[in-house]
Amino acid sequence: MSVPPPGSSGPDPTYATATGRSDVTMPRGELALLIAIVIFSVVTFLPITHNVSLFGIPLMAWMLWALMVIAPAVGLVLSLRSGKE
Amino acid sequence: MQIAIVIAYFVILVVVGYLAYRKVKGSTDQFFVAGRNLGTFINSWAFLASLASGGSLMALAGTNLSLGFTYLAATTAGAPVGFVVASILVARPLRKLGKYTLPDYFDARYGSVIMRWMVPVVIVIASMAYVVAQLKGASIIAGNILGWDYNVALWVAGITFVLYVSIGGFLSVTWNDIFQGILMFSMIVGFGVAAYSAMGGFDEGFAAATANFPALGDAGLSMSVWAYVGGFVTWACAISVTPHVIMRVFSAKDVRSAKVSLNTAMLIFVAMMLIGFLVITPAAGGAITSAELTDPDAALLLLSERILSPLFQGVVAAALLAAIMSTTAGLLMACNSAIAHDIFKKILKPGAPERQVVWVANGATWVVGVICIALAMNPPEFLIVLYTGAVALLASAFFAPMVLGIWWTRTTTAGAVAGMLSGAVVFCVAFFAFDLPTTSEVLFGLPTSFIVTFVVSLARPETAVAVDRDSAVATAPRHAGT
């Protein structure tokens, strides 16, 4: 692998084609998952969860555990459904 | 018995390192990214081993007992979410780029001289803080279970991991990560079964635990809510820019494999953590009184002494050391690649042959390793805070320029440099100059980095950005043969 000369500046001209940056798109399923994670996270930390417990364990902890199970599970399903690149 | 098991474990690590050395044979592609053909199964366990550190396992029961379930739930949940974020936002473009390291990405995307120096230097500083914390954990384990002197344990563990990283590079780290990941998972499952049997049912165990540690059943928050939010956001964003995790994305055989590995690893990690939360924590709370728990990090080890046979205590010690050493080895690889590949090869001596780069990486591993061991001999009291701060610094400085650089074509080099610098500076000021809630400093650094990157990029007219991009593609390739 060759490298740029020391002190050279500016983006790598091969970068745009190497990464597909110019036409990079996010599958709708992944976008939906990201939005769902953000919304769920915001709700989890809202004051309504702060002093509520369920089966002796704080509701916020339950919600965070649910998030850490659901997010990678859905992410795995989406990854398995995607084609090889 | 415990000492024999732990020594056998150390010997296996070094033997694996030697076998990897015979395969690497001076190739940078083999040394830094294991030939770029690691499969999904291998990478899943390796991702798990890289993430599950001594802190994840050792601090689990004690932190829950002292602070209640919620704080550790927030920081723990941040990591699986962070892996999902990484698999969606950065895995595909990074793997397709076909480079070695995080600084490679920034260099390819922005080509900034400032970044070329700043990124590897920040990586080395943050990784060293992380390594020192892990080494301290290793020595505590050896001291508690094996009865070794702190400094003896520190040098034995430290030299072992430096040895296997330096001789076998990333391939050695990967092979050992698989072994260590499976060992950790088996230990937690076995420990969970033993703990459940010992506490005689969940209801009884939970009642006894909350009687000894009232914080466990407290619905209220024991700290400011911003500490919980900060802990979650730190890990949710840091995973995408944590060098020892990102190097695994580069080593995957293809994009799909990288994404499947990231998510599979997290499901295994989540299973381990839930066993820790729902079984091991109440069992520890029932078996240990609050007066006995002078050091929360030792709760798991105390429980191990109470309910496990000497043989299984040795396995627990080896698994905890595995958790520490796998993370530490990955971080050491991040340091040696930052020094040998990103500074020596790319800046100081561009024409250096591959064998010379590998030798520099070996030397860097030893220098960094020995410095970290020396620092861990007298670790500062605020070490855990410092290590979490190191991860948050990476997120504050790198996350916005990384994600915007991939997904927003208007991001300019000036914007990314300004965002990186401002995120790092604001984080450091918040961390060192203000008494903010623990782990909440990232909530200042990260938004600052996003806003500055965005505003400075917008300051350059869109037509000029498009012209820059077109002319860059039109000029002769600088990185032919990547």
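A: **A buried aspartate in chain B**

Asp104(B) counts as buried, with a relative accessibility of 4%; buried means under 20% relative accessible area, exposed over 50% and partly exposed in between, with a 1.4 Å probe and protein chains only. The model is predicted: local features need pLDDT of at least 70, side-chain atom pairs count only at pLDDT 80 or more, and totals for chains, interfaces and linings use all residues. Residues are numbered from 1 along each chain as its sequence is written, chains are lettered from A and ligands numbered from 1 in the order in which they are written, and side-chain values use heavy atoms, with hydrogens and water left out.

Asp104(B) sits in helix α7 (residues 102-110) of chain B. Helices (H or I, at least four residues) and strands (E, at least two) are DSSP runs, numbered from the N terminus. The side chain of Asp104(B) makes a polar contact of 2.9 Å with that of His341(B). Such a contact is a pair of N or O atoms within 3.5 Å; within protein, one must be able to donate a hydrogen and the other to accept it, and residues adjacent in sequence count only if both atoms are side-chain atoms.

Helix α12 (residues 243-251) of chain B is largely enclosed by the rest of the structure, because nine of its nine residues are buried. Among them are His244(B), Arg248(B) and Phe250(B).
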